[in-house]
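Biologist: I'd like to learn how to read a model like this one. Can you take me through it, a feature at a time?

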Amino acid sequence: ELGRHRLHGDAKARVHRLLLGDDLLVRCRDHAVVARRGSEAHREGLLGAVTHGLDGDLVARLLGADDALQSFTEALAIQRQIFDPVHPAIATTLSNSASALRAMKRIPEAIRLNEEALAIRMQVYPGEHPEVVLSLNNLARCLLDAGSVEEARMHSERSNEMAEQCLDEGHPWRQACANTLAEIRKRARQE
């Protein structure tokens, strides 16, 4: 648990973050970096964490959306140089960037990046896959924020159907999908 933010499932096993005053400890799988905020080592630690799937919403809450978006943008530029254009790490960083943009209320940009992440994940992971479920749900949330309730509902229903096929009943992503669909249905009744 990081402050008030609990890491679940795969994220808990993969990433642990602790804020230490002006220093930041980033542990991601086998490497750890303690670095002064804004230093080169700090950026490298964030790049490593981003590349290994650090949750975008968590980074935006801990660092602030502006700093998170800057870190994700830097990571994406490097990833685009070293990875194939259709690579899961690129999709993850696009999704994380979209989370930061959504936190900044820059919804059209967040939608565009979520659509790009979804397209990559659908190519990388054919069929029902948790990463596709996550992308569909993230896109549905942004579309709902934009007021596109019907389009959000279609993506959310699809993410829920896929989640039922590929995620255990208690999985946090499955619950997140169910919560998104409930929120969309509530909004649709209000309109």
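Modeller: Let's begin with how elements get their names: helices (H or I, at least four residues) and strands (E, at least two) are DSSP runs, numbered from the N terminus. With that in hand, Asn137 sits in helix α7. Two ground rules: residues are numbered from 1 along each chain as its sequence is written, and side-chain values use heavy atoms, with hydrogens and water left out. This is a predicted model, where local features need pLDDT of at least 70, side-chain atom pairs count only at pLDDT 80 or more, and totals for chains, interfaces and linings use all residues.

Biologist: What does the chain average in pLDDT?

Modeller: pLDDT is the predictor's confidence in each residue, from 0 to 100. Here the chain averages 77, and 68% of the residues score at least 70. Over residues 1-37, though, the pLDDT is below 50. Where pLDDT is low, the predicted coordinates should not be read in detail.

Biologist: Which residues touch the most other members of the largest nonpolar core?

Modeller: General idea to start: in soluble globular proteins, nonpolar side chains tend to be buried together. A nonpolar core is a set of buried Ala, Val, Leu, Ile, Met, Phe, Trp, Tyr and Cys residues joined through side-chain atoms within 4.5 Å. The largest one has 33 residues, and Leu94, Ile111, Val132, Val133 and Ile184 touch the most other members. α7 gives the most to this core, with 8 residues.

Biologist: What does Val133 touch?

Modeller: Contact means heavy atoms within 4.5 Å. Not counting residues up to four places away in sequence, Val133 touches Ser159, Met162, Ala163, Cys166, Leu167 and Cys177.

Biologist: Back to Asn137: is it buried or exposed?

Modeller: Asn137 counts as buried, because its relative accessibility is 3%. Leaving aside neighbours within four places in sequence, Asn137 is in contact with Ser159, Ala176, Cys177 and Thr180.

Biologist: I keep seeing cysteines. How many disulfides does a search of the whole structure find?

Modeller: A disulfide is a pair of cysteine sulfur atoms within 2.5 Å. The search of the whole structure finds 0. Cys177 is in none, and the nearest cysteine sulfur, that of Cys166, is 8.7 Å away. Cys177 is buried at 1% relative accessible area, and Cys142 is buried too, at 2%.

Biologist: Last one: where is Lys105 found?

Modeller: Lys105 is in the loop between α5 and α6. Lys105 has a positive phi of about 65° although it is not a glycine. With a relative accessible area of 68%, Lys105 is exposed.

Conventions. Buried means under 20% relative accessible area, exposed over 50%, partly exposed in between (1.4 Å probe, protein chains only).
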